[in-house]
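Visitor: I have not looked at this model before. Please take me through it one feature at a time.

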Amino acid sequence: MERQGPSMEKVPMLAEGYEKLTADLKALRLERPKIVDAIEEARAHGDLSENAEYHAAKERQGQVEAQIGEIEDRVSRAQIIDPATLSGDKVVFGATITVVDEDDKTHRYQIVGQTESDAKIGRISYDSPLGRALIGRQVGDEVEVTVPSGDRVYLIEKIEFI
């Protein structure tokens with residue numbers, strides 16, 4: 001039987017996403033001793049069965065440890081990609097794509113990792129519906145994407161590596 005452990009699949013991200021993850025990890029590690037102090041202080045109050053501070057601190061400790069584990073896993077599998085070093089005629093991670101929707105509105109998106117994605121500034125995850133639809137496509141391709149508001153069609157107008 002095969003052991004099911006954490007995935008060893010690489011996690012693509014930009015350098016700034018990696019820096020954000022490592023900063024988050026550092027902050028969580030700094031929080032650890034504060035939580036232990038809070039648990040010790042709450043323990044000193046006596047009966048643990050009705051001690052809300054103790055239970056809240058223990059719950060926070062579990063959350064922090066889970067977040068640390070998740071971030072450590074992602075950092076260990078990080079594949080840092082610099083879009084400026086890429087080239088080609090296909091949409092890949094890190095590429096900036098200009099598309100035109102069916103209303104003739106132009107949109108510009110950069111394909112990024114989950115850590116960096118922020119649709120408000122045009123950064124979409126490679127794992128989002130639109131990101132998955134764009135990967136591997138070329139200028140002139142039409143891409144149909146199902147989004148919460150329905151099906152949308154985009155025409156790829158330009159692919160840049162900036």
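Visitor: At what angle do helix H1 and helix H2 pack, and how far apart are their axes?

Guide: Two packed helices are described by the angle between their axes and the distance between the axes. Here helix H1 (residues 15-43) and helix H2 (residues 52-76) pack at about 155 degrees, with axes 9 Å apart. Axes are lines fitted to C-alpha atoms, for helices over the stretch in contact, and angles run from 0 to 180 degrees between N-to-C directions. Helices (H or I, at least four residues) and strands (E, at least two) are DSSP runs, numbered from the N terminus. This is a predicted model: local features need pLDDT of at least 70, side-chain atom pairs count only at pLDDT 80 or more, and totals for chains, interfaces and linings use all residues. Residues are numbered from 1 along each chain as its sequence is written, and side-chain values use heavy atoms, with hydrogens and water left out.

Visitor: Are H1 and H2 roughly parallel or roughly antiparallel?

Guide: Angles under 35 degrees count as roughly parallel, over 145 as roughly antiparallel, 65 to 115 as roughly perpendicular and the rest as oblique. H1 and H2 are therefore roughly antiparallel.

Visitor: Which residues does Gln-61 contact, beyond its neighbours within four places in sequence?

Guide: Contact means heavy atoms within 4.5 Å. Gln-61, in helix H2, is in contact with Ile-35, Val-36 and Ile-39, leaving aside those neighbours. Buried means under 20% relative accessible area, exposed over 50%, partly exposed in between (1.4 Å probe, protein chains only). Gln-61 counts as partly exposed because its relative accessibility is 22%. Between Gln-61 and Thr-106 there are 46 Å in space, C-alpha to C-alpha, and 45 residues in sequence.

Visitor: What is the order of the strands in the open sheet?

Guide: Two strands pair if DSSP finds at least two bridges between them. The open sheet has 5 strands in the order E5-E4-E3-E7-E6, with mixed pairing. Its edge strands are E5 (123-125) and E6, each pairing on one side only. Neighbouring strands are turned by 45 degrees against each other on average, direction ignored.

Visitor: How many bridges join E6 to E7?

Guide: Strand E6 (residues 142-147) runs antiparallel to E7, with 6 bridges. These two strands form a hairpin with 2 residues between them. Thr-146 stands opposite Asp-151 in E7, and Glu-142 has Leu-155 in E7 as its bridge partner. E7 (residues 150-160) also pairs with E3 (residues 96-101), again in the antiparallel sense over 6 bridges. E3 and E4 pair in the antiparallel sense over 5 bridges, and Val-100 stands opposite Thr-106 in E4.

Visitor: Which residues touch the most other members of the largest nonpolar core?

Guide: In soluble globular proteins, nonpolar side chains tend to be buried together. A nonpolar core is a set of buried Ala, Val, Leu, Ile, Met, Phe, Trp, Tyr and Cys residues joined through side-chain atoms within 4.5 Å. In the largest core, of 16 residues, they are Val-91, Ile-97, Val-99, Leu-130, Leu-134 and Ile-156. Two or more residues come from each of E3, E4 (106-112), helix H3 (129-134), E6 and E7. Apart from this core lies another, of 15 residues, among them Met-13, Leu-25, Tyr-54 and Val-64.
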